[in-house]
Amino acid sequence: MITLSKGGAYLINGTDVIEEGNEELLKSKLGDKYISKEEAAKNTMAYNILRDHNTSGNMNELQIKFDKLTSHDITFVGIIQTARASGLEKFPIPYVLTNCHNSLCAVGGTINEDDHMFGLTAAKKYGGIYVPPHQAVIHQFAREMLAGGGKMILGSDSHTRYGALGTMAMGEGGPELVKQLLNQTYDINMPGVIGIYMTGEPQKGVGPQDVALAIIGEVFAKGYVKNKVMEFVGPGVSNLSADFRIGVDVMTTETTCLSSIWRTDEKIKEFYDIHGRVEEYKELNPGEVTYYDGIVYVDLSKIKPMIAMPFHPSNTYTIDELNANLEDILHDVEKKALVSLDGQVDYKLTDKIRNGKLYVEQGIIAGCAGGGFENICAAADILKGKNIGADEFTLSVYPASMPVYMELIKNGSAADIMAAGGVLKTAFCGPCFGAGDTPSNNAFSIRHSTRNFPNREGSKLQNGQISSVALMDARSIAATAANKGYLTSAADIDVEYQNKKYHFDSSIYANRVFDSKGVADPNTELKLGPNIKDWPEMVALTDNLLLKVVSEIHDPVTTTDELIPSGETSSYRSNPLGLAEFALSRKDPAYVGRAKEVQAAEKAREAGNCPGEVLPEIKEMTTLIKNELPQYPISKETIGIGSTIYAVKPGDGSAREQAASCQKVLGGWANIAQEYATKRYRSNLINWGMLPFIFEEEALPFKLNDYIFVPNIAKAVEAGKTELEAFAIDENKKITPFTLKLGEMTEDEREIILKGCLINYNRI
């Protein structure tokens, strides 16, 4: 089904793969067309798009300028507020502000709609595009109206992926968009490129989520594509429709890759033509001889309907495998949940077995992954003439945009779903991050959406609640609905798919979307609701640091959802201090209190007062350092006091910058990790002036509530050092020296750290 090459490989004429180590075969096949690995690596589609957008003149150290930007209503307020503080006058490139996350104005009074009005006035003032609530989810609007062959788009949502349309897109934290708004660049080393070599065609009943989950299940734990570009090639690509490719592509984020790109053909040209933008089509193919850093072989004909069990998209099985081994697999999930949930609740799945079958309480088809036209039409074909029953099971369907919704009404698919007992709702990302259709306590939901992390569906551990999500394709969700909630593979359903044709109605957007056409109106006043707050002042890095470990997390992976929860907390994302109150609330509820204690001491220091009077243990620590480590002279002016968290592998999941900024506004000055799950989380730390320390050993020289003294940190950062000496101090005043790694940083990143954050970097 899915196999991985052990090393690099060459792709010849887009069809033949020769793995590295078979150079003689390669030379015999190519003859005088043989080229070196280095030259062949320049023939990837990714390399050529990156080259066209690189401004550094050095393809090893890229400085990228994007063609377009896009954000939604959880992120755009903070981004624009940050850019304003740095002197923003006009959006230099098209910037689309969509309103698909905080669309339900039911939490916190007016604050969600206040954010929307901020967005509309910002689009007018700075020359942007504003998509009102319920019109389109961020990525569907981008596919329909922004993508273009050979272009690059940067978004503040992690699922910014438009590779199937020939657009290299990346999801990053808000500060990276701020840089683009200020005519700065996105700086990375040339990423590796992994070929996703597709052959065959999908079996009946297999959808894009099945293919995506099969790939994620194979590559995630191995880190095979981490921070690399996934390049989809091979003859099997031609056997997939544009919608199918889009459905696979959006899920590449869950592999932890950097970006994606697909070869394009007449089916993609037709997609652009349907949307009235055929001029944006560009044929893309790898070169005659192309080198990849690895190959993921995908035999589409062997993929079966899949399910990703709680609590990660990589926890995959075929539905047949799950149904055949129900008790064993459900017990295994329960066992893993003890780690994910820290034993805080009694989590059960085996009680879902009824008469030897798995019963689920909820089905959701939604958002950028599930809400596409073909997915919903296929679900409607399965449900036609059937009903979901009158028991616990419910079905909700969210078309990804109003044009898709309109076509479903016109072609009768909407009626078939509603007649079966399903509910059609407007374009909204809520079910994907816990702001809509939260199941009841202990309920089990199957969803064609992007993620199934703990509590991401909206339940709250701190309130004793737990429900959980498994990811599936819309087709098998519909098959399960037709079977009244008993888990069913779409491959087991006798149905004739109608393959209805899509017609795009552009008037829907023309009538409702505000498009400045790039013309700014500086006289427009921003509407600032009472919850919209400026970022607090942040100080520059001091010569030395004294850090207190205020949270210690030993899970194999820590998601951004665990660092700052999604769901109703999203309403407070325009209020940095208000949102920070929720930091780590699901993982370590005592974190905020501990961090604030340390921050109070630092605030006293900044005011010229004695931090030891606020937090007496600070005086004990500084006295100990002066007595035991006299080679590192310190004073109140030269030693900053802050907090740090330790996590094994933090940052999987969402691009949300608030996972870092909430720590910063609570006095955080560093993270310590064995490794960082994604490039974007590490970038978020740096852009908020936080040191992304690495300590690779499992046995820690420190623990919760210990202090860490890092001498001469400012000089080390300025000099570009990647290793620094540090000293752990425990409650018995025992000092343990150890080494922290800082990793490679660009000159600009070092300067951001030194000045305290990106805002200071641009302001000072």
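Predicted model: local features only at pLDDT ≥ 70, side-chain atom pairs only at ≥ 80, totals over all residues.

Residues are numbered from 1 along each chain as its sequence is written, and side-chain values use heavy atoms, with hydrogens and water left out.

**Exercise 1. Describe how H26 packs against H7 and against H25.**

Step 1: know what to look for. Two packed helices are described by the angle between their axes and the distance between the axes. The axes are lines fitted to C-alpha atoms, for helices over the stretch in contact, and angles run from 0 to 180 degrees between N-to-C directions. Helices (H or I, at least four residues) and strands (E, at least two) are DSSP runs, numbered from the N terminus.

Step 2: take H7. Helix H7 (residues 174-181) meets helix H26 (residues 679-687) at an angle of about 70°, and their axes are 8 Å apart.

Step 3: list the residues. On the H7 side you find Gly174, Pro175, Glu176 and Lys179, and on the H26 side Lys679, Ser683, Asn684 and Asn687. Contact here means heavy atoms within 4.5 Å. By class, this contact of H7 with H26 has 1 nonpolar, 4 polar and 3 charged residues. In this scheme Ala, Val, Leu, Ile, Met, Phe, Trp, Tyr, Cys and Pro are nonpolar, Asp, Glu, Lys and Arg are charged, and the others, Gly among them, are polar.

Step 4: take H25. Helix H25 (residues 658-665) packs on H26 at an angle of about 30°, with the axes 8 Å apart, so H25 is roughly parallel to H26. Ala659, Ala660 and Gln663 of H25 touch Tyr681, Asn684 and Leu685 of H26. The contact of H25 with H26 holds 4 nonpolar, 2 polar and no charged residues.

**Exercise 2. Find the residues that touch the most other members of the largest nonpolar core.**

Step 1: A nonpolar core is a set of buried Ala, Val, Leu, Ile, Met, Phe, Trp, Tyr and Cys residues joined through side-chain atoms within 4.5 Å. Buried means under 20% relative accessible area, exposed over 50%, and partly exposed in between (1.4 Å probe, protein chains only).

Step 2: name them. In this core of 121 residues, Val211, Val298 and Met309 touch the most other members. Helix H14 (residues 373-383) gives the core its largest share, 8 residues.

Step 3: look around Val298. Beyond neighbours within four places in sequence, its contacts include Met1, Ile2, Tyr197, Val211 and Ile303.

Step 4: check for another core. A second, separate core has 52 residues, among them Tyr47, Leu62, Leu182 and Ile752.

**Exercise 3. Is helix H4 mostly covered or uncovered?**

Step 1: count. In H4 (residues 76-85), 8 of the 10 residues are buried, and the helix is mostly covered.

Step 2: see what covers them. The buried residues of H4 pack against strand S5 (68-71), strand S6 (95-98), helix H5 (111-126), H7 and helix H29 (758-763).

Step 3: follow the chain onward. After H4 comes glycine 87, with a positive phi near 100°.

**Exercise 4. Sort Thr558 and Lys596 by how accessible they are.**

Step 1: take threonine 558, in strand S27 (residues 558-559). Its relative accessibility is 0%, so threonine 558 is buried. Among its contacts are Ile553, Leu563 and Asp652.

Step 2: take lysine 596, in helix H22 (residues 591-606). Lysine 596 is partly exposed because its relative accessibility is 35%. Not counting residues up to four places away in sequence, lysine 596 touches Glu581 and Leu666.

**Exercise 5. Examine the backbone at Phe311, Asn183 and Lys517.**

Step 1: the peptide bond from proline 310 to phenylalanine 311 is cis, with omega near 5°. Phenylalanine 311 sits in the loop between strand S16 (306-308) and strand S17 (316-318).

Step 2: asparagine 183, which is not a glycine, has a positive phi near 65°. Asparagine 183 is partly exposed, at 49% relative accessible area.

Step 3: lysine 517 also is not a glycine, and its phi is positive, about 60°. Lysine 517 is exposed, at 68% relative accessibility.

Methods:
Parallel < 35°, antiparallel > 145°, perpendicular 65-115°, else oblique.
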